[in-house]
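Work through the exercises below with the structure in view. Each task is followed by a solution in steps.

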Amino acid sequence: MEKRIVRCVLFAAVCAAGTAWACARGNASPPEEASPARGVLTLSGRVIDDAYIGNGVQWDPYEVHGDDGRFSAADRKRLTDRLEYMQPRFIRVMSGIRSYLTDGRFDSSRNMEDLHMILGFCNTHGVTVLLGDWGGGLVDVQAQTVDEALIDSSGEMVRYLVEECGYDCIRYYNIVNEPNGSWASTRGDYALWLRAARAMDASLRRHGMAGRVELVAPDAAVWTTLETDWVSNSVRDLGDAVGLYDIHTYPSKAQINTGEYSAMISAYRAAAPAGAKMILGELGLKFIDPRDAAYAAENERRIAADPDASPGDSQMFVFDHMYGIDVADAVMQTAACGYSGCVVWMLDDAMHMNEPGKLKIWGFWNILGEERYGADKERIRPWYYAVSLLCRYFPQGAQILASEVSGVGGVRSMFGRTEKGVTLAVVNTDSERTVDLTLENPQPGLSDLTLYVYAGGQLELEGERLLPVERGVALAPGSRISLAPETMLVYTSME
């Protein structure tokens, strides 16, 4: 087949979605070119993380399907092709045990098709899986009870998936989503959640999963540093039962771009054991800071204009390349703070409904767009490419080395290496200012690099795959790296 290089005009997609505000912002006459802001990028041999777990995405069983109750072969292939390019290293899969019961017992023939699709992909492609339960029905706050029979069914399901189906990609299990929240089944009751977590650990052991599938804790959703005790108490009370620590964060754009986000997440990382792995189990943006009031208002306007969008839980800036810049900024800050990876929320709009008939629009696409919501909804949204670069080129097992940008704000970096090569990623979050960075103390391996660019306006694509813009790049002491506004550059030798 003849190759075609397609230039993807990002703001055209925004305009098609009815986002006039973003179009005006993107098409405004550029200001007179000012002198670039100048900074220094210093690389270090200091190891922050000796074995990075890697980045990935939340991929859950779907609440929406095709008219015959399943996905078409074309939709399955489209999902597989896109995920194979993205190369997620870690996927979080959440459902509810009650969906898989018959007469109160786990039934391996009931509602398992989506789980087999998701876990089959992960197993085939070597993706680590965190499986879990949203928590509905597992606990009763008023009665202060834990349904140990339901939790034991969860352990039986894990055993079935690992031993009988061979899904050894399942390494971790989470019991109750965001248990510190008032919206959770535990209603923020730590003692009740702890009882459920201990019951799940006992169930995993009882079903022969000891050492094969471990608990994740505490899975708390946090916005300030006031709930670090959910992590420290988990360390104290669960000990070796915890195989991985995690929190969820939905910071505001201003909090990320100013670097305030680092201070917040560092407090939670410090509450976990220094030698333990910790990840961001969910990561997305919510415009809750007063400094982001204009973005919040625009998000509400877009929701109102989309008949399928959930008014209570949609992030309509996933259609803008800017969203990928801010997510990349957050991922780089987590790595610098000692986290071993991030799971971004979320893969596909068709996974979750909120209000009846309304979708949680947060995804890279809507795989059922052509069937139900309009064919344009199946198109890849720009932030998929930003996340893909950070998945592909910071693989599982990579060493994350210290890197620092000084002399200029709103610019972040991430540097990693494996036996297969090195990757340096740098992002400029400013919407107007070009930044020139001078490289200091470069590390071995920064030659014969391939350069990828994630930027506004257009991306170099071949079909749905991002093309490099330059090969054979070498970075030496004094090399200058120029970052246009809202741009991420990724230099890698890991082709």
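**Exercise 1.** Determine how helices H6 and H7 are oriented to each other in this predicted model.

Solution. Step 1: locate H6 at residues 190-206 and H7 at residues 229-238. Step 2: their axes come within 12 Å and cross at roughly 45 degrees. Step 3: angles under 35 degrees count as roughly parallel and 65 to 115 as roughly perpendicular, and H6 and H7 are therefore oblique to each other. Step 4: the crossing of H6 past H7 is right-handed.

**Exercise 2.** List the residues that make the contact of H6 with H7, and sort them by class.

Solution. Step 1: H6 contributes Tyr 190, Trp 193, Leu 194, Ala 197 and Arg 198. Step 2: from H7 come Trp 230, Asn 233, Ser 234, Arg 236, Asp 237 and Leu 238. Step 3: by class, six residues in this contact are nonpolar, two are polar and three are charged.

**Exercise 3.** Find the strands that pair with E2, and state whether each pairing is parallel or antiparallel.

Solution. Step 1: E2 (residues 37-49) pairs with E18 (residues 435-440) in the parallel sense, over six bridges. Here Arg 38 has Asp 436 as its bridge partner. Step 2: E2 pairs with E15 (residues 399-406) in the antiparallel sense, also over six bridges. In E15, Ser 406 stands opposite Val 40.

**Exercise 4.** Identify buried residues of helix H9 and what covers them.

Solution. Step 1: in H9 (residues 260-271), the buried residues include Tyr 261, Met 264, Ile 265 and Tyr 268. Step 2: the cover includes helices H7, H8 and H11, as well as strands E11, E12 and E13.

Conventions:
Residues are numbered from 1 along each chain as its sequence is written. This is a predicted model: local features need pLDDT of at least 70, side-chain atom pairs count only at pLDDT 80 or more; totals for chains, interfaces and linings use all residues. Side-chain values use heavy atoms; hydrogens and water are left out. Axes are lines fitted to C-alpha atoms, for helices over the stretch in contact, and angles run from 0 to 180 degrees between N-to-C directions. Helices (H or I, at least four residues) and strands (E, at least two) are DSSP runs, numbered from the N terminus. Angles under 35 degrees count as roughly parallel, over 145 as roughly antiparallel, 65 to 115 as roughly perpendicular and the rest as oblique. A crossing is left-handed if the near helix is turned anticlockwise from the far one by less than a right angle, and right-handed if clockwise. Contact means heavy atoms within 4.5 Å. Ala, Val, Leu, Ile, Met, Phe, Trp, Tyr, Cys and Pro count as nonpolar, Asp, Glu, Lys and Arg as charged, and the others, Gly among them, as polar. Two strands pair if DSSP finds at least two bridges between them. Buried means under 20% relative accessible area, exposed over 50%, partly exposed in between (1.4 Å probe, protein chains only).
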